[in-house]
Amino acid sequence: MFKNHIKTAARSLLKNKGFTIINVLGLALGLATCLLIVFYVVDELSYDRFNTKANRIYRINTDIKYGGNSSSYAISPPPLAASLSNFPEVEKAVRLIASTGTRIKKGNENMIENKVAYADPGIFDVFTLPMVDGDSKNPLTEPNTVVISEQAAQKYFNKTNVVGQYLFLVTENKSFKITGVIRNMPSQSHFNFDYLLSMPSLATSRDNNWNNFSFSTYILFKQGVDHKNFESKLNALTRKHFGVDNYAKMEKSGNYIKVNLTPLTDIHLRSNRQYELGSNGSITYVYIFSAIALFVLLIACINFMNLSTARSANRAREVGVRKVLGSSRKSLITQFISESLLVTLVATVIAVLSAWALLPLFNQMSGKELSISLQTLKWLLPFSAAIIIVVGTLAGSYPAFYLSGFQPIHVLKGKLSTGFKGSNFRNFLVVLQFSISIFLIIGTLVIYNQLNFIQHKDLGFNRNQVLVIKNVDVLDNAKTLKEEVKQIPGVANATLTGFLPTGSLRAPDAVFTNKTPDAKSALFTEVWPVDEDYLNTMGMGISKGRNFSAQFKTDSSSIIINETAARMLGYYNDPLNKKLYHPQAQGTKTIVKEYTIIGVLKDFNFKSLRDNITPVVMILSEDKGALSVRVDAKNLAPFVSKIENTWNKLSPNQHFEYSFMNEDFDAAYKFEQRTGKIFLSFTSLAVIIACLGLFGLAAYAAEQRNREIGIRKVLGASVSTIITLLSRDFIKLVLISILIATPLAWLVMYKWLQGFAYRQNVPWWVIASAAFGAVIIAFITISFQSIKAALANPVDSLRSE
């Protein structure tokens, strides 16, 4: 019986090739889109789950409110990990601290490596880092030892069995012995390092200062521990080491230092703190893309249901004859669902092949490294089978019950209700379909509008035409490089510091209005060491006072603050010549240095535009993190070549690395830009799928009203009248969709925009464009069939009457 149903279904589908092609194509597009999104979502949700103990690993975070500012950090003090060994709940606690820009000698060249970190010996007891060469038991216990990845081993030695070999770290000016080689860390990890240096090699790892927040600390709990209850013990521990009386005073003034825990598997999607070890994703976008996948799949299913019921007039007599010949309703339902399953099966096969073919393009767009592997097939095959059964059954259920319910006596007498107005449920599905499409169109336009706003917003500095030369600290004569670069024709100015608005180097600290530091007089701020050329090179403006100058020797004790700092200090109206005090470590002692405010800097954005501008103070001090060069030259290639020649002349064995500041800024929003592109692509596919369904419905509506159109033409109806007649009902449904989708889209995108401190509201033209675009797209789709029907010869449709 089943074989007979499949044969009959195949015969019916081949008989109606147009219907079958539209249905298969619509479903395949929807399923392929859904699969690509599922690949993305599965990848995002799989971060750090390769660790066999992932469900027991937590990271310690620090939340600080001090001097009027609240900050959230993914780091904690150096001695915290050792203190946790006294707790029975803790199986192991380990630390990591990144060491970006580490220089390693390879032949005569110094390579710059950014995937470098110092790690405690117990890291291999906490994280799953399989060793391919060497002993996994305590390979990092000795000073000056290193464990490297297979990739790093191949890079420096062209082989992986390199245990016992040495790497010379120019940055540390000493050799590190390789004690192990691990597999390359999976891309689905919130940190990804190729070099793990032994923590005993780092002097600051033995620092007992609880005010030094610099290490990423991870806890491996014993089985059955409630991490929420443990957080209270952690806070009691920090209170004890900060001093109960000091902590009480701090809380009394409205300040605090609190620690909390983040599960390892939540870090990538649910943590966006300062000093993360990698670039994290967002659970919000996972929800958004999951919703899009569901929407697109729903649109494809609606197409199938609509087209199947729209064909009711064509199949009514078939149903009537089958029932007269003794077919039961159950048999007919099975027959129609068999057709649906067959269409879904073919569409799923096409969708899987299409998704596989489109993966490279999708990877390029999303920045992922997705592939179909044996591991992927473990969930892909059951998922595909489930899709075939669920989608095939659901999409075919309504047409099956609808068509099998026809009464033979009414059908064979020709009393079946036909035409587009014959099904309110079908109209509801069209409205739902276009409501989803309009919702996605509005969302896409809002995202692109916000991204455009970010790229063109006045940030308080000029990021264009600024070349940033990295790792200048490798040079003994960095100032000489600056002066020689300034002599190159086309150079407007240059500044020597690693503290840049688009950079990652930051120095959060506190300054005080009183000489004796206390919480009430504190301002928690960024303290940036700069030179006298910094403001002019960055294109920053002074609102009060003056810039640093080499002509004023007293400027070594001067300070420039931004407008936000002036407001928070209460100095906004009259800030000049006020005093600020900054505690600084000198050896084992801490001295408090006095600074005089000589200028107020106009506020500038140095964080993500998701965050408000926070205080910054600048002091005249040496920092050799980078050399930023403002250029006037239009053709930058020869200019960069001249700077590289100057670099090579001063330091022939050091690698020359540079970037442009506008590119660094754009890179900070690469995630949002990629999200916008993905959103646009999937929205376009959703609209195409909806239009495919509308095209099919318009074709069947025209077919069912074939005789009516012929009579109207004979009676003198014009082509435009016929087109209006056939288009009117569809356009009404699209207008209803606009009324439904617009407020929902506005509400959702309004909430999304609240995540940006600097944003544009949802503009009226976005709503208008989406509505107008939906109507035009729908009209063009319908018009093809309407014009075809309107131009048809009435003789052909009335010949048999």
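A salt bridge here is a side-chain nitrogen of Lys or Arg within 4 Å of a carboxyl oxygen of Asp or Glu. By that rule, this predicted model holds 19 salt bridges.

Take Arg56 and Glu91 to begin with: their side chains meet in a salt bridge, at 2.9 Å from N to O. Arg56 sits in the loop between helix H2 (17-45) and strand E1 (57-66), while Glu91 belongs to strand E3 (residues 90-98), so the pair links distant parts of the chain, 35 residues apart.

Next, look at Asp533 and Lys486, whose closest N and O atoms are 3.3 Å apart in their salt bridge. Asp533 lies in the loop between strand E17 (522-530) and helix H16 (534-538), and Lys486 in helix H15 (residues 478-486), so the pair ties together parts that are 47 residues apart in sequence. Here Asp533 is buried, at 11% relative accessibility, whereas Lys486 is partly exposed, at 26%.

A further salt bridge joins Lys579 and Glu594, with 3.8 Å between the closest N and O atoms. Lys579 is in strand E20 (residues 579-586) and Glu594 in strand E21 (residues 589-601), 15 residues apart. Both ends are partly exposed: Lys579 has a relative accessible area of 34%, and Glu594 has 36%. Returning to Lys486 and Asp533, salt bridges that share partners join these two with Lys482 and Asp531 into one network.

The largest nonpolar core has 115 residues, and Phe289, Trp528, Tyr534, Met540, Phe604 and Met618 have the most contacts inside it. Leaving aside residues up to four places away in sequence, Met540 touches Gly460, Phe461, Pro501, Tyr534, Leu535, Leu601, Phe604 and Met618. A second, separate core of 27 residues includes Tyr58, Ile64, Leu237 and Met250.

What about the cysteines? The count of disulfides comes to zero. For Cys301, the nearest cysteine sulfur is that of Cys34, 9.4 Å away; a disulfide would need the sulfur atoms within 2.5 Å, so Cys301 is in none. Cys301 is buried, at 12% relative accessible area. Cys691 is in no disulfide either, with the sulfur of Cys301 the nearest at 18 Å, and Cys691 is likewise buried at 12%.

Finally, at the surface, Leu345, Val349 and Leu353 form a nonpolar patch with about 260 Å² of accessible area together. Leu353 is found in helix H11 (residues 329-366) and is exposed, at 54% relative accessible area.

Methods
Residues are numbered from 1 along each chain as its sequence is written. This is a predicted model: local features need pLDDT of at least 70, side-chain atom pairs count only at pLDDT 80 or more; totals for chains, interfaces and linings use all residues. Side-chain values use heavy atoms; hydrogens and water are left out. A nonpolar core is a set of buried Ala, Val, Leu, Ile, Met, Phe, Trp, Tyr and Cys residues joined through side-chain atoms within 4.5 Å. Buried means under 20% relative accessible area, exposed over 50%, partly exposed in between (1.4 Å probe, protein chains only). Contact means heavy atoms within 4.5 Å. Patches are made of residues with over 30% relative accessible area and no salt bridge: like charges are joined within 9 Å, nonpolar side chains (Val, Leu, Ile, Met, Phe, Trp, Tyr) within 5 Å. Accessible areas come from the Shrake-Rupley method with a 1.4 Å probe; for residues, only the protein chains shown count as cover. Helices (H or I, at least four residues) and strands (E, at least two) are DSSP runs, numbered from the N terminus.
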